[in-house]
Amino acid sequence: MKAIALDDEFPGLQVLETFCKQTGWLQLEKSFTQPSLALKHLEQFPVDILFLDIQMPSISGLEFSTRIQQNTQVIFTTAYSEFAVEGFNLKATDYLLKPFTYQRFEQAIVRAKEQYELRNQSSNPADNNLFVRADYKLIKIPTDQILFIEGLDDYIRIHIKDQRPVIARMTMKTVLDKLSSADFIRVHRSYIVPFKRVDNVRNKIISLQGVDVPIGASYEQEFLKRFQR
(Lines give C-alpha, C1' and ligand atoms only; values in the text may rest on other atoms or scores of the structure.)
Protein backbone atom coordinates (compact mmCIF):
# COMPACT_ATOMS: atom_id res chain seq x y z
CA MET A 1 0.00 0.00 0.00
CA LYS A 2 1.13 3.54 -0.77
CA ALA A 3 0.83 6.62 1.44
CA ILE A 4 1.75 10.28 1.71
CA ALA A 5 1.82 12.56 4.76
CA LEU A 6 0.85 16.22 5.21
CA ASP A 7 1.89 18.11 8.34
CA ASP A 8 3.10 21.69 8.68
CA GLU A 9 5.66 20.60 11.30
CA PHE A 10 8.73 18.51 10.41
CA PRO A 11 8.87 16.54 13.71
CA GLY A 12 5.43 15.08 12.97
CA LEU A 13 6.55 14.01 9.50
CA GLN A 14 9.75 12.48 10.86
CA VAL A 15 7.77 10.28 13.27
CA LEU A 16 5.56 9.04 10.43
CA GLU A 17 8.56 8.38 8.19
CA THR A 18 10.25 6.36 10.95
CA PHE A 19 7.14 4.32 11.71
CA CYS A 20 6.41 3.62 8.04
CA LYS A 21 9.93 2.26 7.58
CA GLN A 22 9.21 -0.29 10.31
CA THR A 23 6.21 -1.55 8.32
CA GLY A 24 7.04 -3.93 5.50
CA TRP A 25 3.86 -3.45 3.47
CA LEU A 26 3.33 0.33 3.69
CA GLN A 27 5.38 2.70 1.52
CA LEU A 28 5.45 6.39 2.44
CA GLU A 29 6.07 7.91 -0.98
CA LYS A 30 6.33 11.58 0.00
CA SER A 31 5.86 14.00 2.87
CA PHE A 32 4.50 17.53 2.52
CA THR A 33 4.33 20.67 4.62
CA GLN A 34 2.29 22.62 2.05
CA PRO A 35 -1.33 21.52 1.43
CA SER A 36 -1.38 22.82 -2.14
CA LEU A 37 1.55 20.60 -3.13
CA ALA A 38 0.02 17.59 -1.38
CA LEU A 39 -3.28 18.07 -3.19
CA LYS A 40 -1.55 18.45 -6.54
CA HIS A 41 0.40 15.23 -5.90
CA LEU A 42 -2.77 13.35 -4.98
CA GLU A 43 -4.45 14.46 -8.20
CA GLN A 44 -1.57 13.09 -10.26
CA PHE A 45 -0.52 10.12 -8.13
CA PRO A 46 -3.39 8.63 -6.06
CA VAL A 47 -2.38 6.74 -2.91
CA ASP A 48 -4.16 4.39 -0.53
CA ILE A 49 -3.56 6.28 2.73
CA LEU A 50 -3.14 9.96 3.63
CA PHE A 51 -1.71 10.86 7.04
CA LEU A 52 -3.20 14.31 7.62
CA ASP A 53 -2.53 16.89 10.31
CA ILE A 54 -5.54 18.98 11.33
CA GLN A 55 -4.15 22.23 12.70
CA MET A 56 -2.32 23.89 9.79
CA PRO A 57 -2.00 27.64 9.14
CA SER A 58 -3.30 27.80 5.56
CA ILE A 59 -6.10 25.23 5.72
CA SER A 60 -7.60 22.86 8.27
CA GLY A 61 -6.92 19.17 7.68
CA LEU A 62 -10.66 18.61 8.09
CA GLU A 63 -11.36 20.94 5.18
CA PHE A 64 -8.49 19.51 3.16
CA SER A 65 -9.97 16.01 3.45
CA THR A 66 -13.19 17.17 1.76
CA ARG A 67 -11.24 18.24 -1.33
CA ILE A 68 -9.81 14.80 -2.01
CA GLN A 69 -11.42 13.31 -5.10
CA GLN A 70 -9.67 9.94 -5.01
CA ASN A 71 -10.71 6.94 -2.95
CA THR A 72 -8.01 7.61 -0.34
CA GLN A 73 -8.27 6.58 3.30
CA VAL A 74 -7.53 9.41 5.73
CA ILE A 75 -5.78 8.92 9.07
CA PHE A 76 -5.80 12.20 10.98
CA THR A 77 -2.76 13.04 13.12
CA THR A 78 -3.17 15.89 15.61
CA ALA A 79 -2.42 17.05 19.13
CA TYR A 80 -6.01 18.19 19.65
CA SER A 81 -8.53 15.57 20.80
CA GLU A 82 -11.51 17.92 20.38
CA PHE A 83 -11.46 17.32 16.62
CA ALA A 84 -11.94 13.56 16.92
CA VAL A 85 -15.73 13.49 16.51
CA GLU A 86 -15.67 15.76 13.46
CA GLY A 87 -12.85 13.67 11.99
CA PHE A 88 -14.83 10.46 12.25
CA ASN A 89 -17.92 12.23 10.87
CA LEU A 90 -15.83 12.81 7.74
CA LYS A 91 -15.42 9.01 7.48
CA ALA A 92 -11.79 9.04 8.64
CA THR A 93 -10.24 5.59 8.96
CA ASP A 94 -8.61 6.54 12.27
CA TYR A 95 -7.51 9.44 14.44
CA LEU A 96 -4.01 9.44 15.94
CA LEU A 97 -3.54 11.76 18.90
CA LYS A 98 0.02 13.10 19.15
CA PRO A 99 2.31 11.88 20.57
CA PHE A 100 1.35 8.35 19.54
CA THR A 101 3.30 5.12 19.87
CA TYR A 102 4.25 2.73 17.10
CA GLN A 103 1.72 0.24 18.48
CA ARG A 104 -1.08 2.79 18.11
CA PHE A 105 0.18 3.71 14.63
CA GLU A 106 0.22 0.04 13.65
CA GLN A 107 -3.36 -0.39 14.86
CA ALA A 108 -4.45 2.44 12.56
CA ILE A 109 -2.71 1.16 9.45
CA VAL A 110 -3.90 -2.41 10.02
CA ARG A 111 -7.44 -1.02 10.11
CA ALA A 112 -6.73 0.81 6.85
CA LYS A 113 -5.34 -2.36 5.31
CA GLU A 114 -8.47 -4.33 6.24
CA GLN A 115 -10.69 -1.65 4.71
CA TYR A 116 -8.51 -1.61 1.60
CA GLU A 117 -8.86 -5.38 1.22
CA LEU A 118 -12.63 -5.18 1.71
CA ARG A 119 -12.91 -2.41 -0.87
CA ASN A 120 -10.86 -4.32 -3.39
CA GLN A 121 -12.45 -7.68 -2.76
CA SER A 122 -13.12 -9.52 -6.03
CA SER A 123 -16.68 -9.38 -7.29
CA ASN A 124 -16.02 -12.38 -9.53
CA PRO A 125 -19.01 -14.76 -9.45
CA ALA A 126 -16.55 -17.53 -8.66
CA ASP A 127 -15.82 -15.81 -5.35
CA ASN A 128 -18.56 -17.25 -3.13
CA ASN A 129 -17.84 -15.33 0.07
CA LEU A 130 -18.58 -11.80 1.23
CA PHE A 131 -16.20 -10.31 3.80
CA VAL A 132 -17.46 -7.57 6.11
CA ARG A 133 -16.09 -5.96 9.24
CA ALA A 134 -18.49 -6.22 12.19
CA ASP A 135 -18.15 -6.58 15.96
CA TYR A 136 -14.47 -5.59 15.70
CA LYS A 137 -13.60 -8.55 13.47
CA LEU A 138 -13.62 -9.62 9.83
CA ILE A 139 -16.55 -11.91 9.10
CA LYS A 140 -16.81 -14.27 6.12
CA ILE A 141 -20.36 -14.78 4.85
CA PRO A 142 -21.10 -17.39 2.14
CA THR A 143 -23.08 -15.47 -0.48
CA ASP A 144 -25.37 -18.43 -1.17
CA GLN A 145 -26.59 -18.15 2.45
CA ILE A 146 -27.66 -14.51 2.17
CA LEU A 147 -31.45 -14.07 2.31
CA PHE A 148 -31.43 -10.31 1.66
CA ILE A 149 -29.58 -7.16 2.69
CA GLU A 150 -31.24 -4.23 4.41
CA GLY A 151 -29.91 -0.68 4.44
CA LEU A 152 -29.92 1.35 7.68
CA ASP A 153 -28.45 4.81 6.98
CA ASP A 154 -24.65 4.25 7.19
CA TYR A 155 -25.11 0.60 8.19
CA ILE A 156 -26.37 -2.55 6.55
CA ARG A 157 -28.06 -5.59 8.06
CA ILE A 158 -27.23 -8.84 6.25
CA HIS A 159 -29.93 -11.46 6.81
CA ILE A 160 -28.45 -14.96 6.64
CA LYS A 161 -30.14 -18.35 6.49
CA ASP A 162 -30.35 -20.05 9.91
CA GLN A 163 -28.17 -17.37 11.53
CA ARG A 164 -28.50 -14.06 13.30
CA PRO A 165 -28.21 -11.03 11.00
CA VAL A 166 -24.81 -9.37 10.70
CA ILE A 167 -24.76 -5.57 11.08
CA ALA A 168 -21.84 -3.74 9.48
CA ARG A 169 -20.91 -0.11 8.91
CA MET A 170 -21.06 -0.03 5.11
CA THR A 171 -23.15 1.66 2.43
CA MET A 172 -25.53 -0.22 0.15
CA LYS A 173 -23.44 0.76 -2.87
CA THR A 174 -20.26 -0.60 -1.31
CA VAL A 175 -21.73 -4.00 -0.48
CA LEU A 176 -23.46 -4.24 -3.87
CA ASP A 177 -20.10 -3.67 -5.59
CA LYS A 178 -18.73 -6.69 -3.71
CA LEU A 179 -21.51 -9.03 -4.83
CA SER A 180 -21.98 -10.76 -8.16
CA SER A 181 -24.28 -8.66 -10.35
CA ALA A 182 -25.53 -11.89 -11.88
CA ASP A 183 -26.81 -13.09 -8.51
CA PHE A 184 -27.83 -9.95 -6.59
CA ILE A 185 -29.78 -6.82 -7.45
CA ARG A 186 -30.84 -3.70 -5.59
CA VAL A 187 -34.64 -3.41 -5.66
CA HIS A 188 -35.14 -0.51 -3.26
CA ARG A 189 -33.02 2.18 -1.62
CA SER A 190 -33.04 -0.06 1.46
CA TYR A 191 -32.95 -3.59 -0.01
CA ILE A 192 -30.67 -5.87 -2.02
CA VAL A 193 -31.95 -9.36 -2.87
CA PRO A 194 -30.51 -12.54 -4.42
CA PHE A 195 -32.39 -13.65 -7.54
CA LYS A 196 -32.42 -17.30 -6.50
CA ARG A 197 -34.50 -16.60 -3.38
CA VAL A 198 -37.29 -14.68 -5.16
CA ASP A 199 -40.47 -16.80 -5.02
CA ASN A 200 -42.82 -14.38 -6.74
CA VAL A 201 -43.56 -10.72 -7.43
CA ARG A 202 -46.99 -9.17 -6.92
CA ASN A 203 -48.10 -5.55 -6.63
CA LYS A 204 -44.52 -4.30 -6.38
CA ILE A 205 -43.80 -6.69 -3.53
CA ILE A 206 -41.15 -9.41 -3.74
CA SER A 207 -41.73 -12.58 -1.72
CA LEU A 208 -38.48 -14.08 -0.48
CA GLN A 209 -39.23 -17.38 1.24
CA GLY A 210 -41.60 -15.91 3.78
CA VAL A 211 -40.31 -12.31 3.76
CA ASP A 212 -41.86 -9.47 1.74
CA VAL A 213 -39.61 -6.77 0.28
CA PRO A 214 -40.91 -3.68 -1.57
CA ILE A 215 -39.70 -2.66 -5.02
CA GLY A 216 -38.76 1.01 -5.26
CA ALA A 217 -40.13 2.94 -8.23
CA SER A 218 -36.68 3.81 -9.58
CA TYR A 219 -35.56 0.15 -9.40
CA GLU A 220 -38.69 -1.54 -10.76
CA GLN A 221 -37.92 -1.47 -14.48
CA GLU A 222 -34.41 -2.91 -14.16
CA PHE A 223 -35.53 -5.61 -11.73
CA LEU A 224 -38.45 -6.78 -13.89
CA LYS A 225 -36.31 -6.79 -17.02
CA ARG A 226 -33.73 -9.04 -15.41
CA PHE A 227 -36.15 -11.18 -13.41
CA GLN A 228 -38.21 -12.06 -16.50
CA ARG A 229 -35.26 -13.25 -18.55
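What covers the buried residues of α2? The cover includes β1, β2 (27-32), β3 and α3. The views below are of a predicted model, in which local features need pLDDT of at least 70, side-chain atom pairs count only at pLDDT 80 or more, and totals for chains, interfaces and linings use all residues. Residues are numbered from 1 along each chain as its sequence is written, and side-chain values use heavy atoms, with hydrogens and water left out.

**View 1. Strand β3 is covered on both faces.** I49, F51 and D53 lie on one side. L50 and L52 lie on the other. In a regular strand the side chains alternate between the two faces of the sheet. Strands (E, at least two residues) and helices (H or I, at least four) are DSSP runs, numbered from the N terminus.

**View 2. β3 pairs with β1 and with β4.** Pairing requires at least two DSSP bridges between two strands. β1 (residues 2-6) and β3 run parallel over 4 bridges. A5 has F51 as its bridge partner in β3. β3 and β4 (residues 73-78) are also parallel, over 5 bridges. The partner of D53 in β4 is T77.

**View 3. Helix α2 has a buried face.** In α2 (residues 35-44), P35, A38, L39, H41 and L42 are buried. These residues fall within an arc of 160° seen down the axis, so they line one face of the helix. The arc is taken from the directions from the helix axis to the C-beta atoms. S36, E43 and Q44, on the other side, are exposed.

Definitions and conventions:
Buried means under 20% relative accessible area, exposed over 50%, partly exposed in between (1.4 Å probe, protein chains only). Contact means heavy atoms within 4.5 Å.
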